[in-house]
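Open the model in your viewer and keep the selection tool at hand. The stops below say what to pick next and what is there.

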Amino acid sequence: MRRQSVLMGALVLAVGGMIAKLVGALYKIPLTNILGTNGMGLYYLVFPLYSLLLVLISSGTSLAVSRLVSTERIHNNKHNELVIFKVALVYVFVLSLIFSALLIVFSNNISAIQGNANARVGYIAIAPAIIFSSLIAVVRGYFQGQENMIPTLLNNILEQVIKLVSGLILANYFMRKGVMFAVFGAILGVTISEFFAFILIIINYLCYKKKLIYKIDVPKTPNLSYMQALKKIVVYAYPATLSAIIVPITTFLDSFLVINILNNSGFSSLQSTNLYGISNGIVSALINLPVLLCGALATALIPNLSGLYAQNNEKEVIFKTSLFIKITWIISLLFFLIFMIFAEDIISILYLRGLTNIVIDEYSFASKLLMISSVSIIYYALLQTFTSILQSINKVKVPFYSLLISLFVREICIFLFVGNPKINIFGVAISNLIFLTIATIINLYYIKKYVALSYSFLKLIVSPIASAVVAGIVMYFLKFMLSQLNTILYCIISGGVGTIVYFVLIFAFKSFNYNEMKTFKRKKIVNAK
């Protein structure tokens, strides 16, 4: 079998992820029309805890499997690869079974504390998905350790398509019984999609396993027992879980705090739920689209950089680290520009039919919130890449501590800003920016401490920002000149021309040096060991 290069792996993940997220974004448009912002608020009350449990159970384990399999593959030890994979599957299955049962048992208590008891049916619907999603994460980790991103691509797309079809059908069917049951149907669609995605990725694994080719050479590492493999998984997963858990904790805390704080500051329960639905159901979903592209790059980076670090290839580690930070910065800067300039248009095109002004002016809130939140695209993207770099060089505790410190500051800001009636839901976006800024700066400090990065200030900072300014002026000018056209049409033309101008200037200003340009051109394909 052939293994994909980091850039190709990142491209595969990015394409698959973008398609999946596009389907997911399209799904939320008719879903918002069915459920309304109040139903979307209920829908997104459930997912922070669900996401938090998935991180606790499988996020660190998936990264551990990816890294350990990559290392064993370098050392030509097929036995250890399979032992690590099997042990990880059993480990997450047991944990996910326990947590899904607890979620069902305590669903009434959790939803009551969140401030809306109707959310309980959503927890019952989502509980089985914890098991399937956790197992999927382990199999994905195995494939990523093999530097084979195709199964992840197929899995992501299938998952979103089935969620779209089943979720909309069930939400529409149960809507006759009320919003609460419609939310139950939509969330049940997620569980159904995770089940079929699990079946697909297991089939992919069975087919892939038969085609793997190993050298006959004696393995360079001793064979592991099941208990030794479990210990290795826990040792690697624990710190990785710590660093991955903080961001889900922020949304988890929001699901308990935001509605209650808004209620106490003078908003009704209905208004508070609607505002929470706009923030988490619409704006966060849109911000996650560009962040995913850079997240794919970060995910593909881990096994490759881990392998280079294990081989003590310091020169290549420095080169790859510098390159991918630069790529992340340049791509995220462009997306920030697009979302800031076209915030009102994006909301209008995608969600206007599902937004009303009966309770609050939902369109105005959504547009302004998206514009403010667009800055966080840069920070989220850089933070993902920084975290992956630190994990790859065995500094896994740094992201955790940086995020923990930032989280403490964020929650103080949530109380201060969201509790102010004049700031209200915008306080969530402001608090996120403060949170991300602190975490990003701390992580960058430690990367520079452990990796001898060498950057040209002109090529890294001045050139991309200058390119963004010129491209932004072009986008805004064309948007103004073409405003009489259909909204979708003038957004495509002005956004497309601005993007072309941006990348032309990036390369004209030579933001990438000669060696970095060679990386884009070469097709690095290595036979698996």
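A crossing of two helices is right-handed if the near helix is turned clockwise from the far one by less than a right angle. The crossing of α9 and α15 is right-handed.

**The whole chain**

This is a predicted model. Show the chain as a cartoon. It has 17 helices and two strands. There are 529 residues, and 56% of them count as buried. Now think about contacts between residues at least 6 apart in sequence: 84% of these join residues at least 24 apart.

**Stop 1**

Two packed helices are described by the angle between their axes and the distance between the axes. Select α9, residues 314–341.

On α9, the contact includes Lys 326, Trp 329, Ile 330 and Leu 333. On α15, Leu 460, Pro 464, Ile 465 and Ala 468 are among the residues that take part. By class, this contact has 14 nonpolar, one polar and two charged residues.

Stay on α9 and pick Leu 323, which is found in this helix. Is Leu 323 buried or exposed? At 0% relative accessibility, Leu 323 counts as buried. Leu 323 and Phe 512 are 189 residues apart in sequence, yet their C-alpha atoms are 8.5 Å apart in space.

**Stop 1: α9 and α10**

Follow α9 to helix α10, residues 343–351. Here the axes come within 4 Å and cross at roughly 70°. That makes α9 roughly perpendicular to α10. Which residues make the contact? From α9 come Phe 339, Met 340 and Ile 341; from α10 come Ala 343, Asp 345 and Ile 346. Five of these residues are nonpolar, none is polar and one is charged.

**Stop 2: Ser 494 in α16**

Select helix α16, residues 487–508, and zoom in on Ser 494. Ser 494 is buried, with a relative accessible area of 0%. Its side chain has a polar atom 2.5 Å from the backbone oxygen of Tyr 490. Beyond its neighbours within four places in sequence, Ser 494 is in contact with Phe 342, Met 475, Leu 478 and Lys 479. Draw a distance from Ser 494 to Leu 478, C-alpha to C-alpha. It reads 5.2 Å, across 16 residues of chain.

**Stop 3: α13 and α14**

Move to helix α13, residues 397–418, and helix α14, residues 426–450. Their axes come within 8 Å and cross at roughly 160°. The two helices are therefore roughly antiparallel to each other. The crossing is right-handed.

The contact draws on α13 residues including Val 398, Pro 399, Leu 403 and Arg 410. From α14, Val 428, Ile 434, Phe 435 and Tyr 446 are among those that take part. The residues of this contact divide into 17 nonpolar, six polar and one charged.

Now select Asn 424, in the loop between α13 and α14. What is its phi? Phi of Asn 424 is near 40°, a positive value in a residue other than glycine. Most residues other than glycine have a negative phi. Asn 424 is also buried, with a relative accessible area of 5%.

**Stop 4: Ser 134 in α4**

Jump to helix α4, residues 120–145, and pick Ser 134. Ser 134 is buried, at a relative accessible area of 0%. Its side chain reaches the backbone oxygen of Ile 130 at 2.7 Å. Leave out residues up to four places away in sequence, and Ser 134 touches Leu 54, Ile 57, Ser 58, Val 92 and Ser 96.

**Last stop: Thr 273 in α8**

Select helix α8, residues 269–310, and find Thr 273. Thr 273 is buried, with a relative accessible area of 1%. What does Thr 273 contact, leaving aside neighbours within four places in sequence? Colour Thr 37, Asn 38, Gly 41, Leu 42, Asn 116 and Ile 259 to see the answer.

Conventions
Residues numbered from 1 in each chain as written. Predicted model: local features only at pLDDT ≥ 70, side-chain atom pairs only at ≥ 80, totals over all residues. Heavy atoms only, no water. Axes fitted to C-alpha atoms, helices over the stretch in contact; angles between N-to-C directions. Parallel < 35°, antiparallel > 145°, perpendicular 65-115°, else oblique. Contact = heavy atoms within 4.5 Å. Nonpolar A, V, L, I, M, F, W, Y, C, P; charged D, E, K, R; others polar. Buried < 20%, exposed > 50% of the residue type's maximum accessible area, 1.4 Å probe, protein only. Polar contact = N/O pair within 3.5 Å; in protein donor to acceptor, adjacent residues only side chain to side chain.
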